[in-house]
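Here's a quick briefing for anyone opening this structure for the first time. Have a look at the model below, then read on.

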Amino acid sequence: MLATRWPGAVADAVASAIAARGPSVCAVCRGWGRGRVCAECLDRFAVAVPRCRRCALPVAPTTPVCGSCLTAPPLFDAALAAVDYRPPWDRLVSAFKFHGALDLAPVFAAAIVDAERRRAAPRPSLVVPVPLAAARWRERGYNQAWELARRVARRLAIAAEPDLLLRLRETSHQLALPLADRAGNVGGAFAVEPRRRAELVGRHVAIVDDVMTTGSTAAELARVVRQAGAATVEIWVLARTPRPGEA
């Protein structure tokens, strides 16, 4: 993949130049078109729907905050998601996350940016990725959350910091655990880089990841960032797992 050969903005510029020279095969329908996911597939599978502004789950058009968040507000102040974690996005996220499909990162980042631009809310001043464990860094060669975060930040002209948050220990994949065990799985797994805590004081922060499932990881990160002095914490993801029974 291009992004494994050239760093950051250089890889993006090279990829964009190549894409502009001709059509490519759509990752969804396998047809020829412009972009890694063609316009027709985006129109079909990335339709904007009303979402709870606190947890990003789908809601009725006249419902800004879902009943669950009114009853038990999450530790983060807001959340946004571009799509639901269902076909074809589940397959594409898996390819991006586990199989080096970094050519999908610009598509995913653009979807997150579009979701942010649709809402009427103050924009964060800092974007940070969910940190990846060292073993998974070695295995994959990249942090998929940072691949999204840096592109989102560039498009929105927001500062981005890849190393402000730390993962202190390995955790099991959340999707492999029962719902009741997921909060405990990530408890105490994250921290702010001790020498850089002052950078969060009073800041409006967006934490970026590929998928949010139950929100346990998001809640733990929000708790850690708030303890460091952040004023507002948001969670930005490409995909949100639907409620049980709604997938």
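This is a predicted model: local features need pLDDT of at least 70, side-chain atom pairs count only at pLDDT 80 or more; totals for chains, interfaces and linings use all residues.

Residues are numbered from 1 along each chain as its sequence is written, and side-chain values use heavy atoms, with hydrogens and water left out.

**Aromatic pairs**
- There are two aromatic pairs here; rings of Phe, Tyr and Trp (its six-membered ring) pair if their centres lie within 6.5 Å, with planes under 30 degrees apart stacked, over 60 edge-to-face and the rest tilted.
- W89 and F108 have ring centres 6.2 Å apart and planes at 65°, so they sit edge-to-face.
- That pair joins distant parts of the chain, with W89 in helix 4 (residues 89–98) and F108 in helix 5 (residues 105–118); helices are DSSP runs (H or I, at least four residues), numbered from the N terminus.
- F96 and F108 are edge-to-face too, because their ring centres are 5.3 Å apart and their planes are at 90°.
- F96 belongs to helix 4 and F108 to helix 5, twelve residues apart, and both are buried.
- Put together, W89, F96 and F108 make one aromatic cluster.

**Helix 9**
- Nine of the twelve residues in helix 9 are buried, so to speak mostly covered.
- Among those buried are S216, L221 and V225.

Technical notes
Helices (H or I, at least four residues) and strands (E, at least two) are DSSP runs, numbered from the N terminus. Buried means under 20% relative accessible area, exposed over 50%, partly exposed in between (1.4 Å probe, protein chains only).
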